[in-house]
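Trainee: I've never looked at this one before. Could you walk me through how to read it?

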Amino acid sequence: MSVATELKDLFTKNLRTSGIYIAFVLIIALFTVLTDGLLLSPVNVTNIVLQYSYVLILALGMIMVIVAGHIDLSVGSLVAFTGSVSAVLVIREGLPWWAGLLAAIGVGILSGVWHGFWVAIVGIPAFIVTLAGMLLFRGLTYLTLSNVSLSPFPSEYQQVAGGFLNGLLGGYGYDLFTVLIGVFAVVGFAWTQLRSRRARQKYDQKVEAMPMFLAKILVVGVVVMWFFWQLATSRGMPIVLIILGGLIITYHVVTTRTVFGRHIYAIGGNLAAARLSGVNVKKVNFWIFINMGLLAGIAGAVFSSRSNGAQPGAGNMFELDAIAACFIGGASTTGGVGRVTGAIVGGLVMAVMSNGMQLMGVDQSTQQIVKGLVLLLAVAFDIYNKRRAGASR
């Protein structure tokens, strides 16, 4: 296949997968112009990572829930509840900072077990179960905190979401460690892409032309190195980015290289066929919600660390941000379609829009209107693609 043909397909046949990346670049360019370059300054790039990491963590779990044909409306309240449990143990009871982190994650897992039981075992639709969970966990947050905020956390706890690794390997005017992390990321991406290409060639599957393949590696490499250079010249490597990066890699592997991941797509794509194929639907659904609870617990710990305390109203609308990230990133409203990388890019689209509008001084009401319109357009685009694919058959 020629390069010209592949470029044409990129903007036509493959627009469903490539569209989010094209839109992401255009949104960055737009807000860079509107903010006079402030959006891409080293300090602001670092702030975007710190401010929206918890939404990206939630999106990792939400994409698996949505692909399986479910929805989870409780994660915002669960973030607040897990953070409140951590705050009570560490701030009020004086337990070590790490005990608060473990407690937040443990409560998240137990909450996932609770949801998994009602969805997978009892058979109640996830929409109803998690709607009840949204109310339940918000009420438990109020009870746990006695309707008052708790702060501050010890400095060690604050480092989870606000700390940096800087100066480990030196560097003059920049952090060498952060730059090397970027180099390793680019090399790892190039290696995995090359292995995937060779595997497809081995089984006589279609692969992109070599110039397109090399161009993809080059573009991704330049973007990644620019991103890590911005971090290196600001405050160094954020600890929360290491946590987020580890989670992204883990869940990308889980969803693309494991039996459990394939079962999730099978359930969301065709539930009846999945059952006839021997997929244990109840077990898979049960673990999907346990996993969502785990990630909500991690997000709760990260958010409470970032805000240096716990508030009864914390986590408000987080579930909608996570859901929007998945749909903007290409997930289908009917299940069976969606990728971890797409959800992360969708979350970054939301983050860049929010951050850009804040830099411009746009009021909160207008920001909500813009987010709502973007989500609506993303779902409309998904429906349009499905109709076009059906008409071409």
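This is a predicted model: local features need pLDDT of at least 70, side-chain atom pairs count only at pLDDT 80 or more; totals for chains, interfaces and linings use all residues.

Trainee: Is Ser-304 buried or exposed?

Mentor: Buried means under 20% relative accessible area, exposed over 50%, and partly exposed in between (1.4 Å probe, protein chains only). Ser-304 has a relative accessible area of 2%, so it counts as buried.

Trainee: What does Ser-304 touch?

Mentor: Contact means heavy atoms within 4.5 Å. Leaving out residues up to four places away in sequence, Ser-304 touches Gly-83, Phe-153, Tyr-157 and Gly-309. A polar atom of its side chain also lies 3.0 Å from the backbone oxygen of Ala-301.

Trainee: Which residues touch the most other members of the largest nonpolar core?

Mentor: A nonpolar core is a set of buried Ala, Val, Leu, Ile, Met, Phe, Trp, Tyr and Cys residues joined through side-chain atoms within 4.5 Å. Here the largest has 79 residues, and Leu-58 and Met-62 touch the most other members. Helix 3 (residues 42-67) gives the most to this core, with 16 residues. Not counting residues up to four places away in sequence, the contacts of Leu-58 include Val-75, Met-292 and Phe-318. A second, separate core of 17 residues includes Phe-24 and Met-350.

Trainee: Now a loop, please. Where is Arg-235 found?

Mentor: Arg-235 is in the loop between helix 9 (210-232) and strand 2 (237-238). With a relative accessible area of 32%, Arg-235 is partly exposed. Among the residues Arg-235 touches, not counting those up to four places away in sequence, are Val-43, Asn-47 and Phe-164.

Trainee: What joins the side chains of Arg-235 and Asn-47?

Mentor: A polar contact is a pair of N or O atoms within 3.5 Å; within protein, one must be able to donate a hydrogen and the other to accept it, and residues adjacent in sequence count only if both atoms are side-chain atoms. The one joining the side chains of Arg-235 and Asn-47 is 2.9 Å.

Trainee: And Phe-184: buried or exposed?

Mentor: Phe-184, in helix 8 (residues 176-202), counts as exposed because its relative accessibility is 58%.

Methods. Residues are numbered from 1 along each chain as its sequence is written. Side-chain values use heavy atoms; hydrogens and water are left out. Helices (H or I, at least four residues) and strands (E, at least two) are DSSP runs, numbered from the N terminus.
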